[in-house]
Amino acid sequence: MSSLQDQFEIKFRLADGSDIGPASYSAATSVSTLKESIISQWPKDKENGPRTVKDVKLISAGQVLDNNRTVGECKSPLYDIPQAITTMHVVVQQPFAEKEKKTANDPKMNRCLCTIL
């Protein structure tokens, strides 16, 4: 059984300022599992949602969290505040193939912005 101290209240802040959560996670929960939870709870009305765990980066206390670490290992001084909700920021990266298509088809992306004086 895990004690109350081994549980963390975490909410995930999306780029548009909306949140997923908060929800309670144990200290043994992996960052990869947090990302899977984000993908499953991603709002259906938002475009460009993540498809895989590799598309998501989680940032907590200024640190990008590694998939193989646990919530307990990523602990920062902010977790020590009793009954506090920790906010983790979510960054979604487009897969490289989608970026490449967008660049190739968008004439604005191929213009040079250099000025020779």
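**Exercise 1.** Which residue in S2 stands opposite glutamate 9?

*Solution.* Start with the ground rules. This is a predicted model: local features need pLDDT of at least 70, side-chain atom pairs count only at pLDDT 80 or more, and totals for chains, interfaces and linings use all residues. Residues are numbered from 1 along each chain as its sequence is written, and side-chain values use heavy atoms, without hydrogens and water.

Strands (E, at least two residues) and helices (H or I, at least four) are DSSP runs, numbered from the N terminus. Take S1, residues 7–13. Six bridges join S1 to S2, and the two run antiparallel. Opposite glutamate 9 stands serine 24.

**Exercise 2.** Find the contacts of leucine 58.

*Solution.* Leave out residues up to four places away in sequence. Leucine 58 then touches, among others, Phe12, Leu34, Ile38, Met88 and Val90.

**Exercise 3.** Judge the confidence.

*Solution.* pLDDT is the predictor's confidence in each residue, from 0 to 100. The protein averages 79, and 69% of the residues score at least 70. Helix H2 (residues 96–105) is lowest, at a mean of 55. H1 is highest, at 93.

Terms used:
Two strands pair if DSSP finds at least two bridges between them. Contact means heavy atoms within 4.5 Å.
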